Every structure is written in structure tokens, then in C-alpha cells.
Amino acid sequence: MADTRSFDDRDGSIWMDGKLVPWREANVHILTHAMHYASSVFEGQRAYGGTIFKLHEHSERLRRSASILGFDLPWSADEIDEACNAVLAANGLTDAYVRPVAWRGSEQMGVSAQRTRPHLAIAAWEWGKYFDPALAAKGIRLDISPWRRPAPYTAPTESKAAGLYMICTMAKHHAENRGYNDALMFDWRGRIAEATGANAFFVKDGALHTPTPDCFLDGITRRTVIDLARKRGIEVIERAIWPEELESFQQFFLTGSAAEVTFVGSAGPWNFEVGDLSRQLARDYDDLVNRRQV
Ligand code: PMP
């Protein structure tokens with residue numbers, strides 16, 4: 001059973017700045033720079049049968065995300081890996097979601113944060129499918145987001161920075177309030193970008209098409225699925241994709257560490273089938289993360 005308690009009121013341990021602390025004591029001060037100015041970056045990864053999938057890539061991305069925002073973490077990617085595994089072990093988890101988060105502390109208030117110290121915390125919890133499996137089996141319904149992904153010269157789009165998620169939450173709420181499961185976001189040019197927390201893939205006549213990640217995250221799952229498709233001899237085309245083309249795509253799925261491979265049934269007025277190619281890649285991904293032969 002999923003734990004429905006508030007996330008600040010659970011049992012277990014959270015790793016914070018080098019040591020495990022009781023879950024309810026993993027707190028920060030209200031005058032933490034990150035709270036006021038979004039100087040925070042995070043990761044999200046899943047453990048399958050006790051092994052965190054692509055852990056080292058996530059730890060490296062976390063460090064890179066922080067350095068893009070101008071703060072360097074004093075923990076190496078190997079040390080972050082070790083801490084993530086310690087969190088799993090301390091909480092007795094084997095199949096879980098792991099959330100590292102790094103932020104600037106409270107030494108300084110105001111826009112400048114030169115004297116703040118970097119912090120790192122890692123929590124983990126059991127987390128089922130990101131989308132209701134019954135919905136996802138038929139394909140989730142996407143709204144078209146009124147918010148567009150910003151241009152790389154207006155936001156640090158290569159960082160998994162908390163601030164970039166402000167419009168994702170707003171787009172997600174807008175979609176949910178209108179009866180949709182998530183939203184498809186265009187970019188500042190009007191091209192198709194991604195969903196609020198996952199990358200987009202389309203199937204057309206046996207080939208995979210996916211937008212070039214030049215203003216949004218080049219997801220670890222995205223790259224994994226591209227490799228899996230190429231291994232099967234499926235052509236993968238990374239390119240600019242415009243909304244006018246949605247009509248010509250037969251299948252559509254999302255990828256992400258949380259969302260895994262999620263089928264999309266519709267996006268705005270456009271409908272898609274849950275087809276063989278999407279199903280095959282979802283199975284391949286599932287086999288890979290569970291270390292079954294692909
Ligand atoms: N885009 C956004 C906005 C995301 O939040 C995520 C999830 N981290 C992704 C794409 C997919 O990235 P990954 O496959 O590395 O989890």
C-alpha cells in the first residue's frame with residue numbers, strides 16, 4: 001500500500017550533508033536561499049530489485065546541474081552513488097524512487113548567493129507507477145500546455161533546476177483541472193518539446209521521431225530508449241518537430257525515470273494508438289531495468 005502521509009511525516013532515514021538523519025528531522029531553515037530564489041537542483045531515479053538504474057549518470061547530472069547554476073557540490077559522483085545506496089539500505093527498500101536534491105544554504109539573503117554553502121539531501125520511498133496503470137494501458141490523455149519551454153538564453157535549460165519546474169506544475173494543474181492526465185509543452189519557437197516531466201517520442205511508419213533536446217532535458221531514459229530502438233534496427237530520427245505533424249504520427253509515448261515508458265492516447269485534438277512498436281520498447285525498457293535479457 002502506498003504511504004499517503006505527508007512527505008514530512010514518515011518513518012525512515014534521509015541522508016543529509018553526509019549523514020543519515022531521522023526522516024522528520026531532515027529540515028532546512030526558512031531563510032534558505034533556495035526557498036526564495038530557486039537555487040536548487042534535483043534528480044529522480046528508480047531502484048529495481050535493489051539496483052538503482054543508471055545511478056552514476058544521475059549523480060553526474062546532479063553535479064552538472066548545480067555547477068550550471070554556479071555552485072559546486074563537494075561530493076563526487078561516486079560519493080553521491082554511495083549515499084543513494086546507503087539511503088536504500090537504511091530504509092530497507094529494493095523497489096523505490098530515489099530523490100537527491102542539492103541547494104544553496106542560508107548564509108546570505110538577497111539575489112547574490114556567493115557566500116552560501118552547498119547542501120545535499122537524498123530521500124527514497126516506494127513509488128508505484130507515475131500514471132495510473134489502467135489509464136496508461138490505453139494511453140494517457142495530454143492537454144496542450146499554455147506554457148512554453150523557455151529558450152536556452154532565458155533559463156538554464158540544461159540543468160535539472162527546480163526553477164524550471166514552476167511552469168511544469170502550472171501546466172500540469174491546468175491539464176488536471178480540465179480532466180487531462182498531463183500536458184504536452186511546446187518550446188518558445190512553437191516546436192514540440194516534452195511533457196511536464198518526461199520526454200516525447202512519436203512513431204510514424206515504423207520509425208521513431210523525437211524532438212532535438214536543445215532547450216529541455218536530454219533524459220537518461222530518452223537516451224536509453226533510443227539505444228534500445230537502434231538495437232532492434234528501428235530508425236530513430238532526432239529533429240525539430242512542429243505541432244502540424246502530430247496528425248501524421250500513429251503512436252506517441254513518453255519516457256522518464258519516473259514515467260518509464262508511458263503510452264499516450266491523445267494530445268489535444270490528436271489521437272494515437274497504443275501500437276506494437278511502443279509496446280515492444282516498453283517491454284525492452286522493463287527488461288533492461290529489471291536486468292532481464294534484452
Ligand atoms: N523532462 C523533464 C522535465 C523531466 O522532469 C524528466 C524527468 N527527470 C525528463 C524529461 C526525463 O528525464 P530522465 O529520463 O533522465 O528521468
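**Around the ligand**

Biologist: How many residues surround the ligand, and which are the closest?
Modeller: There are 15 residues around the ligand, and Y165, E194, I220, T221 and S257 are the closest. A residue counts as near if one of its heavy atoms lies within 4 Å.

Biologist: Where do these numbers come from?
Modeller: It's a predicted model, where local features need pLDDT of at least 70, side-chain atom pairs count only at pLDDT 80 or more, and totals for chains, interfaces and linings use all residues. Residues are numbered from 1 along each chain as its sequence is written, and side-chain values use heavy atoms, with hydrogens and water left out.

Biologist: OK, what does T221 do at the ligand? How far is its polar side-chain atom from the ligand oxygen?
Modeller: That T221 atom lies 2.6 Å from an oxygen atom of the ligand. A polar contact here is a pair of N or O atoms within 3.5 Å.

Biologist: And which ligand atom goes with I220?
Modeller: An oxygen atom, 2.7 Å from a polar backbone atom of I220. For K160, a side-chain N or O atom is 2.8 Å from a nitrogen atom of the ligand.

Biologist: Switching to helices: at what angle do α6 and α7 pack?
Modeller: About 110 degrees, with the axes of α6 (residues 220-231) and α7 (residues 276-289) 10 Å apart. That makes α6 roughly perpendicular to α7, a label for angles of 65 to 115 degrees. Axes are lines fitted to C-alpha atoms over the stretch in contact, and angles run from 0 to 180 degrees between N-to-C directions. Helices are DSSP runs (H or I, at least four residues), numbered from the N terminus.

Biologist: Which residues make that contact?
Modeller: T221, T224, V225, L228 and A229 of α6, with L281, D284, Y285 and L288 of α7. Contact means heavy atoms within 4.5 Å.

Notes
Helices (H or I, at least four residues) and strands (E, at least two) are DSSP runs, numbered from the N terminus. Angles under 35 degrees count as roughly parallel, over 145 as roughly antiparallel, 65 to 115 as roughly perpendicular and the rest as oblique. A polar contact is a pair of N or O atoms within 3.5 Å; within protein, one must be able to donate a hydrogen and the other to accept it, and residues adjacent in sequence count only if both atoms are side-chain atoms.
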